[in-house]
Amino acid sequence: MFMKGLINESDIMYGWNGQILRVNLSEGKIAVQKYDAEFAKKFLGGRGFAAKILWDELQPGLDPFSPENKLVLAAGPLTGIPGPSSGKLVVASKSPLTGGYGDGNIGTMAAVHMRKAGYDAVVIEGKAEKPVYLCVENEKVSINSAEGLWGQTTFDAERKIKEVHGRNVGVITIGPAGENLVRYATIVSQEGRAGGRPGIGAVMGSKNLKAVVFKGTKEVSLAEPEAYRKLVTECYNDIKSSQGYGFWIRQGTMMTIEWCNENSVLPTNNFKEGIFEYYRCIDGYSLEAMKLKRRGCPNCNMQCGNVVIDLEGRESELDYENVAMLGSNIGINQLGKVAVLNRMADELGLDTISLGNTLGFAMEATEKGLLKDGIEWGDFEKAKSLVEDIAYRRGLGDLLAEGVMHLSQKIGGGSERWAMHVKGLEISAYDCHTVPGMALAFATSPIGAHHKDAWVISWEVKTDREGYTQQKVDKVIEFQRIRGGMFECLVSCRLPWIELGFKLERYPKLLKAATGLTFTLEELTSVLGDRVYALIRAFWIREKQTWSRSYDYPPARWFEEPLTKGPYAGKRLDKERFDELLSMYYEARGWDNRGIPRKSTFEKLGLTEVASTLEKYVSLSD
Ligand code: SF4
């Protein structure tokens, strides 16, 4: 299965293919770009590659829906070769939701086939005249008409593509939401895997690109194939024999509903409260009673996609985030109903977290008289019709398709105080009235309020929960380095580590066997992670030339409106102390008190040229 050999004669690389596929849809041009080992070592893959390409190649201020915006699909050096939870792909672009850097990762056979086709990344620019899909079969790359696919759901489009290209392909596609430029449209694969929360699916739609199909038949060259194979077997065994494996297989992330409710952090009614009186109706045990099977990403032996039959008799793949956001956050207390909304979102290509936020916001706006003919809390039938209206931008759905930040700017009435987003990205499913560390993690996440970079909440509730301490700042940064740095650049799933205690020390060993290069864990986290963070921050600052620390604040609700229910009733975040926490965070990162990396920080991270460019837009502290 593993080949030993060279990819580029002039540049010995194992693990990486050393090639980026370039596609210009306006001109119909296709090219292959080689990159060197220095680039590979410095940015590793995934988010690292995407951030560097977008920083270098995008003109600041461009419209995310313009042909000049670029869509980057980027894998890592372990993608496509068997390894724990390594079948993922980063999808990135300038976000139409936030106006800043946006990315997400998606578990898909497309990641595996892209690498086996000989590419580590694909960069797509321009706009096709008519709807098309891209087909990559090793060296054979074609831009094909998507007539007959445009308008189809993500499930149907993938099915149709497989009828033409066979089942042994990897497909990523958008649904009607992406076609209609819904600002939180995602990219979907395999009827339930989704990625690109900050509207990366809408960027695809703006390019008239319905899908990308990969079929790769080559093998990625490895430096030490036998050592790699042995290591991988040990890794899979570690995961399977871990203490929590049995329960994980039963509930996966759905166990978090009960945990969040017990700890008063389950988002309820647009993050007004942290407990939901009907949580038992949507928790992991309710799931077990309905569960049909498990699904998940390629190369994963702890698959977390829980498939149930929804109220309409269709399969729906549930996890914690989508159930909390389409359940407790909007007052829906039946898992079968949540499953319907979730399946519709996947079919239409809508991000479930942003959708749950937007519906919750609309329900509160209706209650407060700011939306006429809106929607009441828990109104399942109306929610169903609104989900479709959002994807097709019909009526009120057209307004809701803009996402919470834009929506609140349009309806006014003080709604910005309970518009639950950071930097324009709607908040993932953790209420932060009583957990300042998690609020800081959301506030400083490089794509806006997403949990993937620093899920510190589990640690936080077990320690000095309500404290504003240096220890919390350090933990947020430690997690951002591991999760947002190493895992997003490797494009490996963080869940084996965070959920089942899989040892981080395994990753430098896997990398050594795959690439032949020695990386310490420190280099993968505090060097690579900090470099990528500084680069992404530079991207944001170049875009938002009025940059100030106000961009790094959680929503006013958590400071102004205490919880009213449960053991933490009366509690809320303290604004002054949060501000101190933010200053401590900046200091620890080597950023100034505006949240802008210092010149010396850029230099230390090997980003001197980034500092020089950024200085044209904003003054840098030494
Ligand atoms: S644990 Fe879940 S998200 Fe992670 S790789 Fe496995 S299936 Fe994918």
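Author: Axes are lines fitted to C-alpha atoms, for helices over the stretch in contact, and angles run from 0 to 180 degrees between N-to-C directions. This is a predicted model, in which local features need pLDDT of at least 70 and side-chain atom pairs count only at pLDDT 80 or more, whereas totals for chains, interfaces and linings use all residues. Residues are numbered from 1 along each chain as its sequence is written, and side-chain values use heavy atoms, with hydrogens and water left out.

Reader: At what angle do helix α2 and helix α19 pack?
Author: Helices (DSSP runs of H or I, at least four residues) and strands (runs of E, at least two) are numbered from the N terminus. Helix α2 spans residues 46-57 and helix α19 spans residues 470-490. Their axes are 5 Å apart, and they pack at an angle of about 95 degrees.

Reader: Which residues of α19 make the contact with α2?
Author: The two helices are roughly perpendicular, because their angle falls within 65 to 115 degrees (under 35 is roughly parallel, over 145 roughly antiparallel, and the rest oblique). Contact (heavy atoms within 4.5 Å) involves G46, R47 and G48 of α2. On the side of α19, the residues are G484, E488 and C489.

Reader: Which residues of α24 meet α17?
Author: Helix α17 (residues 436-444) and helix α24 (residues 575-589) pack at about 60 degrees, with their axes 11 Å apart. They are therefore oblique to each other. From α17 come P436, A439, L440, A443 and T444, and the partners in α24 are F578, L581, L582 and Y585.

Reader: How many residues in the contact of α17 with α24 are nonpolar?
Author: Nonpolar means Ala, Val, Leu, Ile, Met, Phe, Trp, Tyr, Cys or Pro; Asp, Glu, Lys and Arg are charged, and the others, Gly among them, are polar. This contact has no charged residues and one polar residue. The number of nonpolar residues is eight.

Reader: How much space lies in the largest cavity?
Author: On a 1 Å grid over the protein atoms alone, a cavity is a set of points where a 1.4 Å probe fits but cannot get out; a pocket is an open set with protein on both sides within 12 Å along at least five of seven lines, and lining residues have an atom within 4 Å of a point. The search finds two cavities of 30 Å³ or more. A volume is the space filled by probe spheres set on the points, which are joined across faces, edges and corners. For the largest cavity, this space is about 890 Å³.

Reader: Which element gives the most to the lining of the largest cavity?
Author: The lining has 48 residues, and those closest to the centre are A194, D319, E321, H451 and R494. The residues divide into 18 nonpolar, 17 polar and 13 charged. With five residues, the element that gives the most is β5.

Reader: Which helix gives the most to the lining of the second largest cavity?
Author: This cavity has a volume of about 60 Å³. Its lining includes K423, a residue with a positive phi of about 60 degrees although it is not a glycine. K423 lies in the loop between β16 and β17. With four residues in the lining, the helix that gives the most is α22.

Reader: Which residues are closest to the centre of the largest pocket?
Author: The largest pocket has a volume of about 410 Å³. Of its 20 lining residues, the closest to the centre are H421, S550, Y553, P554 and P555.
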